[in-house]
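Colleague: I have just opened this entry and would like to learn how to read its features one at a time. Could we go through them together?

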Amino acid sequence: MTSEQNTRYFSRQELESMGFRRLGRDVLISRTTRIYDPEYVAIGDHSIVDDFCVLSGNLQIGRNVHIAHGCRVIAGREGVLMDDFSGLAFGVTIFAQSDDYTGEALTNPTVPMQYRKIARARVELGRHVIIGAGTVVFPGVIFAEGSSVGACSMVTKSTDAWAVYVGVPAKKVRERSRRMLQLENDYLQNEGGVEPVPPRSLAPQVA
């Protein structure tokens with residue numbers, strides 16, 4: 001690491017001492033990030049978690065994943081999956097669990113669970129999914145491969161592959177380019193010792 005990285009990010013030795021479920025190569029995690037129960041967190045190669053993030057629960061992060069400053073990923077027991085090359089821009093919040101806001105139950109952890117009603121559902125981000133700054137993701141949303149979400153959106157429903165979404169609630173506005181699949185393939189081949197993406201994944205979208 002550079003001198004700046006030494007002060008900003010945990011060292012490899014420090015990360016290994018935290019007891020992650022899995023810790024890949026060249027992982028960078030900011031010293032200002034808070035990780036609850038790291039034994040439930042798996043992180044793949046070349047992934048970065050930047051400053052002032054909060055990660056909790058059953059969280060699986062693939063390779064080349066970036067979580068930008070100020071993100072909150074509340075995975076709970078159902079879990080959040082972030083597949084390879086996915087990312088969160090500044091201030092994204094992902095909930096895999098949430099209180100009931102309808103008034104049918106009490107809310108917040110100051111009251112016993114028998115008076116609360118918690119919605120719990122797994123959230124998944126497929127390969128190359130990118131979520132824009134300030135977006136909020138609700139429990140149960142499945143982001144199909146290559147989908148993207150514009151800044152300050154609220155995502156309550158699952159997305160189609162290689163589509164762009166924006167708004168409150170988020171709605172599909174157009175298709176997304178797949179050129180990055182070829183770039184991914186080139187990158188993995190040039191890195192050496194990594195299996196390239198199967199050719200079928202590079203097929204153009206059928207209209």
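**Reading the model step by step**

Modeller: Let us begin with overall size: for a chain of 207 residues, a compact globule would have a radius of gyration near 17 Å, and the chain, with 18 Å, agrees with that. Please keep in mind throughout that this is a predicted model.

Colleague: What box do the C-alpha atoms of the chain fill along the principal axes?

Modeller: Taken along those axes, the C-alpha atoms fill a box of roughly 55 × 50 × 25 Å. Of the 207 residues, 41% count as buried, where buried means under 20% relative accessible area.

Colleague: How many helices and strands does the secondary structure of the chain come to?

Modeller: The chain has 3 helices and 22 strands. As a general idea, strands of a sheet pair through backbone hydrogen bonds, either parallel or antiparallel. In this structure, 6 strands form an open sheet with parallel pairing, and their order is β1-β4-β7-β10-β15-β18.

Colleague: Which strands stand at the edges of that sheet, each with a single partner strand?

Modeller: Those are β1 (22–23) and β18 (142–143), and because each has a single partner strand, one side of each is left without a neighbour in the sheet. For a pair within the sheet, take β4 (residues 41–43) and β7 (residues 59–61), which pair in the parallel sense over 3 bridges; there A42 stands opposite Q60 in β7.

Colleague: Turning to pockets, what volume does the largest pocket have, and which residues line the largest pocket?

Modeller: The volume of the largest pocket is about 250 Å³, and its lining consists of I74, F95, Q97, S98, D99, Y101, N108, P109, M113, R116, I118 and R120. By class, the lining has 6 nonpolar, 3 polar and 3 charged residues.

Colleague: Which strands each supply at least two residues of that lining?

Modeller: They are β13 (97–99) and β14 (118–120), and the largest share, 3 residues, comes from β13.

Methods
Residues numbered from 1 in each chain as written. Predicted model: local features only at pLDDT ≥ 70, side-chain atom pairs only at ≥ 80, totals over all residues. Heavy atoms only, no water. 1 Å grid on protein atoms, 1.4 Å probe; cavity = no way out; pocket = protein on both sides within 12 Å on 5 of 7 lines; lining within 4 Å. Points joined across faces, edges and corners; volume = space filled by probe spheres on them. Helix = DSSP H or I, 4+ residues; strand = E, 2+ residues; numbered from the N terminus. Nonpolar A, V, L, I, M, F, W, Y, C, P; charged D, E, K, R; others polar. Pairing = 2+ DSSP bridges. Rg over C-alpha atoms; globule rule 2.2 N^0.38 Å. Buried < 20%, exposed > 50% of the residue type's maximum accessible area, 1.4 Å probe, protein only.
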